[in-house]
Amino acid sequence: MQMKGLKITMLALLLTLALAPSVIAQSAAGEKSHIQMGVLGTTSLTDPVAGAVDLNNLFIRSNFEVDLLQARLLSTTGLSPTTPLPFPSPAGSPVVGAGPGFMGFNGLNMLDQALVSGFAVEPPDQGLCVGNGFILEAVNLAFVVYDQNGTKLKGPTFMNTFFKLDRFQFTSDPRCLYDRQTRRWFATTLQIDVRSAPAPHILTGKSHLIIAVSQTDDPRLGWNVFSIDTTDDGTGGTQTHPRCPCYGDEPLIGADRHGFYVTTNEFPLFTGGFNGAQIYAMSKKHLAQGFLPTVVHFGGLPLAEGIAYSVQPATSPGREEEREDRGEDSGGGVEYFMSTLDFRGPLDNRIAVWAITDTDSLKEFRPDVELSKTIVTSEAYGVPPDAIQKPGPPSSTPFKNAFAPLQPLEMLSTGDDRMQAVVFTDGKLWGSLSTVVRDGTGFHSGIAYFVVKPSVDEDQVHARMKNQGYISVPGNDVFYPAIGLNREGEGAIVFTLGGPGYFPSAAYVRVDDDHGVGKVHIAAAGAGPDDSFSGYNTIFFGGGPSGRWGDYSAAAVDGEGNIWIATEYISGGPRLLFGNWATFIGRVKTEED
């Protein structure tokens, strides 16, 4: 492939962020405010236009990867437990093929998103939601709708176009959710405002959280697009945080009966620092009806060690009457969250459970909701090592051959030990994360999962650990888990399987509350190693020694209780010179009636 006209996208943005020094945050503890949303208009998914993008003139972009490990360490104000903890050493699970009734298909890949956006971007940041016979997949930087056989019905659509933004705006970290109560689709992204003319790629000093909500239960039709100012420099009704203007990294989404919730990690735009997790709570029904709800913003969430990070909201598959019958809703409504507390490492054995109570008041002009937390002792977990890759033939690594022939095969970034997707079902809260594990061959990436029984009394959350465990494959690596569960507590955890014995593959385990996890099933076997511009140290692209991966997987439940999973893998199909990531979408059948 020719490299005529090659450009480095968002150069000013990336240099500004990457060169910023790190300093200790002094965020105000427990700040709560009420803010108003903005309206960007209406939108819909569009089909791609043939020939609209010249692949010889691509912008190349690796999503900015903030150093959350350093940020949370430098933000520490208290002491973590000093008692040394042993490294987790689970026995590991056998690896088998896909289970009975499993079906799946290839999702979007780097070439797909480049053809609609003009950008070659990684990692994909996997979004997935399922409902009303449709599947909506979101990656950086494209959205697409399938039927449940994998046939494309609409798209791929450039993410910026879908969110009513011009092509120069920096967007990342898409997520989506189908809500069965309102029969509406929700999609989110972060936006860092960039001047589009006359001098593009210059930061304006503003940032937003963009939320799109469908107008019907058909994601191919119209959507309303809203925005929340996340600058937090005291302008536009935002809170005043240290070293802002800021932006909200990696928006996480969840919902209960009354509300829609987004949390972010806040970082300054023009200097170093970390202001911790931010929580935005708003009326789900108002959004579904196209109204502008009042948004409650919780900032500076205090913990004994410092400010909280990556507070993951819960989604729930249960029907409303079932939640009430089982006592899963408390008084005026409650939304649960989970987060980790590994500030100093190398290991920790505690997780935090959070709750927002009186969520039915989110429909009011000035909602009266409260946030509380509790700490639960857990199994040990810690930051996983990056994954060594299984080598492939020279033909499988054209980027390495062209730009880094003398460098070793890149490793895969397994991320860190922040909490991943959380699900609340059958009165229990499930969460999982990537963690370091140890076996006879050394240290690898494994997965820790937790099943917590939460409750609320007088606006204070309480919780106890009901079950927990590990997922690992001896001598290899599993990472970036996402949990999907039906209302009976049956489901699956999806993740990437890699390491010396496996090309990066899509995999899953079945889970239920009574029996824990089972065998590791390969949903789609990788066809070769990851070979990408972010994994090698080159004068054109930087990067190395580990390629960007993930940064997360996704799982959802359909109306029949089946679990749909999606994650990144190497398909061996069409690729760009700059990378070969692909995604895989699968359905895990359950026994739910």
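A patch of negative charge on the surface is formed by Glu364, Asp368, Asp457, Glu458 and Asp459. Patches comprise residues with over 30% relative accessible area and no salt bridge, like charges being joined within 9 Å and nonpolar side chains (Val, Leu, Ile, Met, Phe, Trp, Tyr) within 5 Å. A salt bridge requires a side-chain nitrogen of Lys or Arg within 4 Å of a carboxyl oxygen of Asp or Glu. Accessible areas were computed by the Shrake-Rupley method with a 1.4 Å probe, and for residues only the protein chains shown count as cover.

The model is predicted, with local features needing pLDDT of at least 70 and side-chain atom pairs counted only at pLDDT 80 or more, whereas totals for chains, interfaces and linings use all residues. Residues are numbered from 1 along each chain as its sequence is written, and side-chain values use heavy atoms, with hydrogens and water left out.

The chain contains seven helices and 37 strands, assigned as DSSP runs (helices, H or I, at least four residues; strands, E, at least two) and numbered from the N terminus. Its radius of gyration is 22 Å, close to the 25 Å that the globule rule gives for 593 residues, so the chain is as compact as a globular protein of that length. The radius is taken over C-alpha atoms, and the rule is 2.2 Å times the number of residues to the power 0.38. Along the principal axes, the C-alpha atoms fill a box of roughly 65 × 60 × 50 Å. Of the 593 residues, 62% are buried.

Backbone geometry was also examined. Most residues other than glycine have a negative phi, and most peptide bonds are trans. Glutamate 250, in strand β16 (residues 246–255), has a positive phi of about 45° and is buried at 9% relative accessibility. Tyrosine 480 likewise has a positive phi, of about 55°; this residue belongs to strand β29 (residues 477–485) and is buried, with a relative accessible area of 4%. The peptide bond from glutamate 122 to proline 123 is cis, with omega near 0°, and proline 123 is placed in the loop between β7 (119–122) and β8 (127–131). A cis bond also links glycine 544 to proline 545, with omega near -5°; proline 545 is located in the loop between β33 (520–524) and β34 (546–547).

Definitions and conventions
Lys, Arg positive; Asp, Glu negative; His and termini not counted. Charge placed at Lys NZ, Arg CZ, Asp CG, Glu CD. Buried < 20%, exposed > 50% of the residue type's maximum accessible area, 1.4 Å probe, protein only.
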